[in-house]
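Have the structure open as you read.

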Amino acid sequence: MIEVSLARPADRVHDVCRRYAPDRENLIPALQEVQETEGFLSPEAVDAVAGYFRLSPNNVYGVATFYAQFRYRPPGRHCLKICQGTACHVQGSGVLLDAAQRTLGIRSGETTVDGDFGLEELACLGSCALAPAVVLDGVVHARQTPKKLNTLLEKARS
Ligand code: FES
């Protein structure tokens, strides 16, 4: 859960960064914690992190964009994660991902324009017997098909 503080985003980011020595090896953990706190890496957050680590914002983006875990837009009100681990892949999770991308009109890692849904891919959830599995707002849904997934999305939207 993301807690919202009344402090300015740059101040909150600075508070997070101060828990780390300003060494480059701490950049990824700091970015992870900033994303956990803020929900995503806004330009303002990246600027604040860059200032703390004495890097340029481009340096920070250069590192962050190497990792799929970072988001640069606010997360959706609903978060859909589709497992792409081996067991789920064999059971058709690629088809699920294609269907979700078509239905929502976004690609993995993006948020719908209306802010309703964010879409992410996951590595194995550790629930391979449920393959192909998806997680919608923290709840695991087993043995999904594109039709079942559309029903889940419609219910979440209503
Ligand atoms: S591969 Fe999807 S839960 Fe293990």
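Start with what sits over helix α2: its buried residues (under 20% relative accessible area, 1.4 Å probe, protein chains only) are covered by elements that include α1 (9-17), α3 (43-53) and α4 (57-64). Helices here are DSSP runs of H or I, at least four residues, numbered from the N terminus. This is a predicted model, where local features need pLDDT of at least 70 and side-chain atom pairs count only at pLDDT 80 or more, while totals for chains, interfaces and linings use all residues. Residues are numbered from 1 along each chain as its sequence is written, and side-chain values use heavy atoms, leaving out hydrogens and water.

Which residues of α2 are buried? They are L27, I28, A30, L31, E33, V34, Q35 and E38.

Now look at how α1 meets α2. Their axes (lines fitted to C-alpha atoms over the stretch in contact, with angles from 0 to 180 degrees between N-to-C directions) lie 9 Å apart, at an angle of about 140°. On the α1 side, P9, R12, V13 and V16 make the contact (heavy atoms within 4.5 Å), and on the α2 side it is A30, E33, V34, T37 and E38.

Not counting residues up to four places away in sequence, L31 touches L41, V49, V60, A64 and F70.

How values were computed
Buried means under 20% relative accessible area, exposed over 50%, partly exposed in between (1.4 Å probe, protein chains only). Helices (H or I, at least four residues) and strands (E, at least two) are DSSP runs, numbered from the N terminus.
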